[in-house]
Amino acid sequence: MAGFFISFEGTEGAGKTTLIQKLQAYLSACGKDVVLTREPGGSGLGRKLRAIILNAEEKISSGAELFLFLADRAEHVEEVIKPALKQGKIVLCDRFVDSTVAYQGYGRGMDKALLETLNGVAAGGLLPDLTIVLDLEPEVGLNRAKKRNAEQNLTVEEGRFEAEALAFHQKIRQGFLELAESNSRFLVVDAMQDADTVFEQVRQKIAGMLKSEKLR
Ligand code: Z5A
């Protein structure tokens with residue numbers, strides 16, 4: 001498949017949105033056709049699912065939560081990601097299959113091998129060409145997200161995961177680091193650094209790929 005697929009992972013408030021916006025500006029300035037998307041909520045159906053999945057008021061079992069994320073992914077891949085890649089675009093996706101292994105596997109304790117299999121079904125076998133993990137102490141990220149919500153007057157209607165104990169978020173961080181250790185498609189970046197430094201490190205990686213024509 002033509003195009004290039006980059007996913008962004010990390011614990012809450014790690015700076016994914018901030019980084020993705022900077023990368024979009026950079027890649028567009030390089031003349032690339034860029035698509036920004038996210039999970040959950042990257043498709044029409046996904047936006048409805050997102051409202052259900054992340055609403056902390058709605059009680060949902062771990063099993064139901066998992067299948068909602070997978071349904072969101074199946075639709076997102078078919079409707080948005082695969083068509084964009086076929087057109088040769090660069091897809092920047094805020095969270096993808098690794099979030100399922102980290103949150104539902106490491107966080108909720110579900111079987112990781114089974115999750116890999118289900119991810120394969122939902123994503124039709126599609127994996128990112130590059131996955132950036134923004135790594136930081138979960139407490140710092142949660143505080144950043146709280147500060148952002150207060151500054152931008154955002155009402156938190158999507159608090160299912162924010163409501164989890166710090167220990168849960170620490171398991172997620174560990175999960176991403178273990179996934180990254182075992183697979184060369186990952187780049188782990190220290191997200192305690194300022195946003196410009198984080199961007200520059202990722203930009204250099206992508207610029208290298210542009211040069212080597214891994215990224216058309
Ligand atoms: N989930 C799951 O369980 N299973 C799955 O399969 C999938 C997802 C796909 C979706 O959350 C939730 O779904 C997620 C996992 C679960 N839950 N959690 N936690 P989401 O998409 O709504 O939210 P999020 O992914 O956690 O991200 P976020 O809160 O939107 O944060 P962010 O995008 O990573 O960070 P940001 O908005 O760019 O930055 C936060 C603030 O920090 C902001 O004010 C920035 O200006 C500031 N910032 C950014 N970078 C820096 C640096 N470097 N230094 C200082 N300040 C910074």
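Predicted model: local features only at pLDDT ≥ 70, side-chain atom pairs only at ≥ 80, totals over all residues.

Residues are numbered from 1 along each chain as its sequence is written, and side-chain values use heavy atoms, with hydrogens and water left out.

Is E9 buried or exposed? E9 counts as buried because its relative accessibility is 0%; buried means under 20% relative accessible area, exposed over 50%, and partly exposed in between (1.4 Å probe, protein chains only). Leaving aside residues up to four places away in sequence, E9 touches several others, including V97, D98, S99 and L134, where contact means heavy atoms within 4.5 Å. The side chain of E9 makes a polar contact with the side chain of S99, at 2.5 Å. A polar atom of the E9 side chain also lies 2.9 Å from the backbone nitrogen of F96. For a polar contact, a pair of N or O atoms must be within 3.5 Å; within protein, one must be able to donate a hydrogen and the other to accept it, and residues adjacent in sequence count only if both atoms are side-chain atoms.

Now step back to the sheet. Five strands form an open sheet in the order β2-β3-β1-β4-β5, with parallel pairing. The edge strands, β2 (34–38) and β5, each pair on one side only; two strands pair if DSSP finds at least two bridges between them. From one strand to the next, the twist averages 20°. β1 and β4 run parallel and are joined by five bridges, and G10 has L134 in β4 as its bridge partner.

Helix α4 packs on this sheet, touching β1, β4 and β5, and its direction makes about 20° with that of β1. For such angles, axes are lines fitted to C-alpha atoms, for helices over the stretch in contact, and angles run from 0 to 180 degrees between N-to-C directions. Eleven of the eleven residues of α4 (residues 97–107) are buried, so this helix is largely enclosed by the rest of the structure. Among the elements that its buried residues pack against are α3 (62–86), α5 (112–122) and α7 (166–181). Just after α4, G109 takes a positive phi of about 80°.

Definitions and conventions:
Helix = DSSP H or I, 4+ residues; strand = E, 2+ residues; numbered from the N terminus.
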